[in-house]
Every structure is written in structure tokens, then in C-alpha cells.
Amino acid sequence: MSRQISLEKTRNIGISAHVDSGKTTTTERILYYTGKVHKMGEVHEGAASMDWLDQEQERGITIMSAATTCFWKPSNVEGAETHRINIIDTPGHVDFQAEVERSLRVLDGAIALFDSVAGVEPQSETVWRMMNKYTVPRICFVNKMDRQGADFAKAIVTMKERLGANAVPVQLPIGAEDKFRGVIDLVGMKAIFYTSDDGMDYEVGEIPAEYADAAHEAHHELIDAVAEFDDAVMEAYLEDEDSVTEAQLAGAIRAAVLQNAVQPVMCGSAIKNKGVQPLLDAIVAFLPSPLDRGEVTSADGEQTREPSDEAPFSALAFKIQRDPQAGPLTYFRVYSGSLKAGDKILNTTTGKTERIGRLLMMHANDREDVTEVYSGDIAVAIGLKNATTGDTMCDPAHEVQLENIVFAPPVVHVSIEPASRPDQEKLGVALAYLVREDPSLQMRTDEETGQTVLSGMGELHLEVTVERLKREYKVNANTGRPQVAYRETITGTATKIEGKFVKQTGGSGQYGVVYLDVEPNPGKGFEFESKVKGGNVPTEYIPAVAKGCELGMGSGVVAGYPMEDIKVTLTDGKSHDTDSSEIAFQMAGNIGFKEACRRAKPVILEPIMAVEVIVPEDGLGWVMGDIARRRGLVGERESRPGGIVSVMSEVPLSEMFGYANDIRSATQGRGSYSMEFHSYRILPGSLSEALKEQMAGV
């Protein structure tokens, strides 16, 4: 089997946005127009092919990212060749942002979707920051232009103001709301009118007279924005703006997008089948191929792998999914080389060599067996028993370690226990599978109560996980009330604090003495430094001291919560010629660390959430008062069409449990909200004391 479509004509893209912006609907339309599916599934009917999980169909939201492949021959370029487009449809709900994070890590380009009425929403900002983090070139698509209150220009303003985007229209809408009937292509300076309900039939014609001035002005601004990225366009632009050809302008836009300097903005209505074909043309024209993204660098920066089938094989596992019959499905992105079914690969993260059983190409939950995959492909391997999200897979003869994926810490946890004795053993196995699948889930056993504690990104995340236990794993489990994942840190310093572990019990004893300084280390996690001079602590025991301190971070000195952002400096110590050992210095480090933290003004930190509440204007007073009652800080307010108000605020997570029911009751079901993790802040004194008493009584 040989490569059917070249790397140059391959696009690996993701579709990401705030919840309910129309990501899955847009993906469904793309699959329909590319011939991948022959009937468009609707999210609201629970029939979208990319939302294949039972709960996704019932709730009308995407929970797990889904991958598919389709093929498109650009309709706006004569003699164009077919391109292969690998698509990952990601969730929009903040509770499932790990799915977005791991998808963006392996993609070359993205479509950022925005609601034409709301513009940039909170999760849009989160997704945009992730795209910036991985320097993913992107196209913006303003969806739902048929909605009441649709405003294309305002949506672009919100992109510039809230995201700092260099958002430049490459299209203008023809009409809006129920009069939305097509788009103006500012690259080719032509109008596309949709003439049938399914969007299949459209006519290309002259720009309507009433839009001519706006189109020429926007065309000028587009050339102005991208001219500097293409010498030929700049030269033509300086001589005579009208001499810039369509092909030249498209090339300049592509060059600007590849440098992440410009984000072209398009528009349409996916549910009304308008604007999707031009979006497909833009994916091919503007977004990068694996060749454009270039070589990938190893985590230590010392090796590179070029996107070539001839290079040594390297890939990154970005998702694990359980299959009851086949075993774990490992989704991976090939960065270099090729891989055949039956080949051996080295997992450099675990150091283990495994054999690939089968290779698959996925279409949501449907699969197609293939014998070989190539550089730039997104595929699935069966037979890898030890792989987890973020692992590097490579040719055993050419080791390389790619950069891993780092996820935000979970902020909510629940106690979980089997409903019956037969469920007990099944629960442990099922949770182990789920935690392996979902890197934003964590499981631990509470040492004091013996309970299993499951931690996640929000109430919905944990609710969906417990429901999956019942449906997929046939395990009935009872959960406690959701609890907040508090943290502890220090706000002061402590110096020359002794940590001493000395035991003499006859024969060889244990002897280790250390002197530690501790100080706050905001945003940098745990750091350890040794300034010991003269060998008072032998060099071979210093790592043991560091380990003892790091173990101490797991349980704080105020109420036993994990600690964060502390720097420890080992300044001196004492050792014994025969009784000193690694364990003695590890214990001494732990004892000294705990004592130092007690003297360094320790505090409890609580997670603060960025909350956006959307309510009718007559509900604004209730929202403002309610946020204040929840110890929240009210931020920006924005009026939207239709008498709707958006209120931004920062509220402690502990005060947000049950908020969905409260807002529904107060607004007769017309209000809604979304929230995401913002930061950790110091818990006020009285609440801190109450929490300490509560933990002491557990």
C-alpha cells in the first residue's frame, strides 16, 4: 500500500468553540458535502454521526473528541486536485477541555467557531489561548448568521477586543437573520447566492449594488493586512491595488495565516447549509499541511523529526479509548516515517517495546482497517497495552521523546463507592480504564476514610463519568456530594528550620539532620535548591532530602490539602559516618519541610471560577445580588440583542454547586451560565477556620 494523497495536500484540522456554537453541526455539513455521509445528522435530534456516545445524543453536547477523514476538491480553483482533510470535532463545554487540549496538540490548523449573536464567549477565549499555546494557525467562522440579532461586524470587534486577534474578513454576509442568503468572497470579489434549502445549489454572480462599496473597502483592508507577507502582492499593491490577482491575494493570505499573523474571518449558517463549501475551500487554501508546519523538535530540544515518510517513525499518542472487544484504542498522530500493522514500536515515555496489532482509520465510532500509515496521518492502533495520553511512540532503533501534553488540575471531587459487593471489584477496574482514557480525571484513596475519591473538571464531568460507569461498564456506584479541590501554600518565609531524624535501636541506626529555608514560589510549583557547602550533607543524600520535601507537598499543614508553589533551599545539615542513609535524610527533609511550612504563614487556597451568566434584562438585579451573596466579584456587563444581558464575574467554586437549578428557577428557565477555572485565591480566615474544623472532624 502506498500513500494515496501527498503530504502537501493533507490537512489536519480541529473545530473548536464555546458550547452550542455549532461545531458538530458544521462538521456534519462538511462530511455531507465531501460525500463522507449521505444524510446529515442533526445534533438536536440526537443523530449527529460525530456524537456517537449515548450521552452525547441525549444531552445534545459533545463529550469525547471524534476523528474522521474526508476528501475535497476545491470548487474555486480550476484543475484543483483532491485534498485529504483529517478532522477532529472537539467538545465545547469547559468540563471537557482536556479533549480540546490534547486534540490541538496534534493538529496543524483549526477552525475557531463563533456565534454571530454572542461573538466571543468565555470558552472561546479558553480555546483561543490553547491555540496560541500550540501556535495553531486558524480560520474564524462566524456561524448562525440566520439567528435573530446576528451581527457579523460586532463578532469581529469582540475577537479583536477580547482575544487580541488580527481578525480580517475574507467574506461579508449578504443579509442577516432570516434574510441571510449568501456571502461575498472578498478574495475573488464575487457573490455566492444560495438558491436551495439544502445549500447544494448556489449561484456565483456579481456583488449586489448595495454591497459594492462595503465590499471594495473590505477588499482594500484585506490586501492591506496581508500584503507584507508576499513580495509580489506588496509590489503590485504599491503600484496599483487593482492589479493584485485573486491567486496572488490567496497566496498572501496563506502566508499570513501560516505565520499566525492574520486570522481570516468567514461566515455562514451551518444548520441552514450556507457557507460550508467556501469554508472547505478555505481549509485547503489557507490552513497548513504537515509540510508547512515543518519538523517537530524533541522535548529536550536536541533532536528533530521531519514530516517525511522516509524519516524514522515518530508519533504522539493523544487519546486512549476503551473498546470492549478489541481492547484499548490508541489514537496517535504520525509526525515522521511510516508504520505497518505488526511493526514493533518503542514507547519512550514508559521505556517499553510493544507490537502494533491492527491499524485503523476512524470515522467517529466506525472504523476502517489499513495496513500502513504515513507521516501526517491521524490513526488508531490496537494492541498497545501500556500507552497513555501524551506518550511518544517511535522506531526502536531511533529513539526520540516528543513534548508531552500538560493538563489543568481537576477542581471538583466526589467520593465514590460500589453499590453492592459484586460491583466492588468491577469498580476499581472500570475507574482505572476511565482515568487512563481521560487525563483530566484523577482517582485516589483517602488514607483516613479509605474511600475512593474521583476528581474532575466540574459537576457535569463527574456526572457523565458516573453515568458511563453504569452504562458502559455495568457498575452501579454511589457518589457523595461534590467537594472542592482546595490547595495550600505559604505566604511568608522561614529560615534555618531543623529537620531531624535520629534513631538508635542497637546495631546500625538512622541519622539525618537538615536545615531548610522555605519561601513562596508563585506560579512555579515546587522547586528545590541545595546550597550546602563542605559536605555536611553528602552529595548522594541531597536527592533524598528533595524527595522528602516533595512528598511533604502532598499533604498540607493547615488541613491536609495538597500544597503548591513553594521553593525549598537546603542550607546545611549533619551526617553520621555509619548511620546516615537515604531514608534517614528523606525523613529529615520531610520533617523539616513540614515544620518550616508551619512557620511560614500557611494558608488554604480555593479555586475561583470565571463565570458568565446570560439572562433577560429583568433578571439582572437578581444575578448581581446572587453573585455578591456567593462571595463573587462582578465584572463586565454587556447588552445583547433581544433584551439579553451577559454578566462576567469571578466566583469561588464552593459557592457554585447547584447554580444551574437556582438560575433556572429565578429566570423561569430563560437564564443560562458557563464557567471555567480562573485561579486559586486565599480562603478568607473565618471560612478557613471552619474548613479546618470540618477536616479535623472527618
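Trainee: At roughly what angle do the axes of helix α11 (residues 421-437) and helix α12 (residues 459-472) cross?

Mentor: This is a predicted model, where local features need pLDDT of at least 70, side-chain atom pairs count only at pLDDT 80 or more, and totals for chains, interfaces and linings use all residues. Residues are numbered from 1 along each chain as its sequence is written, and side-chain values use heavy atoms, leaving out hydrogens and water. Helices are DSSP runs (H or I, at least four residues), and strands are too (E, at least two), numbered from the N terminus. The α11 and α12 axes (lines fitted to C-alpha atoms over the stretch in contact, with angles from 0 to 180 degrees between N-to-C directions) come within 11 Å and cross at roughly 130°.

Trainee: Which residues of α12 make the contact with α11?

Mentor: Contact means heavy atoms within 4.5 Å. From α11 come L427, A430, L431, L434 and E437. They meet, on α12, T465, R468 and L469.

Trainee: Within what arc do the buried residues of α7 fall?

Mentor: Helix α7 (residues 231-239) buries V233, A236 and Y237 (buried is under 20% relative accessible area, exposed over 50%, partly exposed in between, with a 1.4 Å probe and protein chains only). They line one face of the helix, because, by the directions from the axis to the C-beta atoms, they fall within an arc of 100°.

Trainee: Which exposed residues does α15 carry on the face turned away from its buried side?

Mentor: In α15 (residues 620-629), L620, V623, D626 and I627 are buried. These pack against β34, β35, β36 and α16. The face turned away from them carries G621, A628 and R629.
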